[in-house]
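Have the viewer open while you read.

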Amino acid sequence: MSTKESVNPLYFAKTDLCEKEGEEPSDIEMQKVANIYRSAMKLIKTRLSILESDFCITYKHNPIHHIEYRLKSSGSILRKLKRKGVDCALGSIARNIFDIVGLRIICPYLEDVYGIANLLLAQNDITLLQRKDYIKSPKQNGYRSLHLVVLVPVMLCHGTEQVPVEIQIRTIAMDMWASMEHELCYKSSRATDKQTVEKLLNCSKELAAIDARMGEMYSSIKGSGKPRVLKEAQTFEGEMNWNMEIRSAK
């Protein structure tokens, strides 16, 4: 499987954007970069919209509940480079930041998560750069989601750029937990204690069980009429590798 470290997408190398290596980019240069990533976001949104509508018509089932999008600002990009301790030049953006475009796809059922991922990655001009499955192996705090980083082709005046897009795919239950966990642990003025961390982990496990039961009910109702792409999706039921060690948040 490809990883971010083994791929060097030089999607600025063909332009005049790398002439000032070592210097912080100008506003005009960052506008050009923003346009490339904005175009990548438009492309992936269109691809998903087409998949969603075709799936609804063909199978009478919508595997996407809703989609959220985010494009990092120029200031956020430069701050992240500084936090990483790397050069703030344009070439450094291409080499070190892979989440300038972020999508979060919320699905009704666990099977839909893997089904959408399979359909997206089956497109021959989309390249998988990284895959992290936090559903099969949840994070220590209980976080669950499927994370992908893909390269998408963006056709511009000078040629085609391969642009990275980060995609998170999760169920409604997973998204609810992540939103509440963020509210409790990151927006609170108080430090998160061990008891709260333990309760959040238990909530995640309970929601995982609900996800599984809802999926079973859907499978029972749909029966043989379930789309093949969902039949073939890996649900990893009963294989979740929960790390039982609980640590207090720092």
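What follows goes from the helix to the cavity and then to the salt bridges.

A word on ground rules: this is a predicted model, with local features needing pLDDT of at least 70 and side-chain atom pairs counting only at pLDDT 80 or more, while totals for chains, interfaces and linings use all residues. Residues are numbered from 1 along each chain as its sequence is written, and side-chain values use heavy atoms, with hydrogens and water left out.

Buried here means under 20% relative accessible area, with exposed over 50% and partly exposed in between, using a 1.4 Å probe on protein chains only. The buried residues of H5 include Ala-173, Met-174, Asp-175 and Trp-177. Those buried residues pack against strands E1, E2 and E5 and helices H4 and H6, contact meaning heavy atoms within 4.5 Å.

Now the cavity. On a 1 Å grid over the protein atoms alone, a cavity is a set of points where a 1.4 Å probe fits but cannot get out, and lining residues have an atom within 4 Å of a point. The search finds 1 cavity of 30 Å³ or more, and about 50 Å³ of space lies in the largest cavity. H5 gives the most to its lining, with 3 residues; among the lining residues are Ala-173, Met-174, Trp-177, Ser-204 and Leu-207.

Last, the charges. There are 5 salt bridges, each a side-chain nitrogen of Lys or Arg within 4 Å of a carboxyl oxygen of Asp or Glu.

| Pair | N to O distance |
|---|---|
| Asp-125 and Arg-47 | 2.7 Å |
| Glu-68 and Arg-104 | 3.3 Å |
| Arg-170 and Asp-175 | 3.0 Å |

Asp-125 sits in the loop between H4 and strand E3 and Arg-47 in helix H1, so this pair ties together parts 78 residues apart in sequence. Asp-125 is partly exposed at 29% relative accessibility, while Arg-47 is buried at 18%. Glu-68 in E1 and Arg-104 in E2 tie together parts 36 residues apart. In the remaining pair of the table, Arg-170 is buried at 3% and Asp-175 is buried at 12%.

Terms used: Helices (H or I, at least four residues) and strands (E, at least two) are DSSP runs, numbered from the N terminus. On a 1 Å grid over the protein atoms alone, a cavity is a set of points where a 1.4 Å probe fits but cannot get out, and a pocket is an open set with protein on both sides within 12 Å along at least five of seven lines; lining residues have an atom within 4 Å of a point. Grid points are joined across faces, edges and corners, and a volume is the space filled by probe spheres set on the points.
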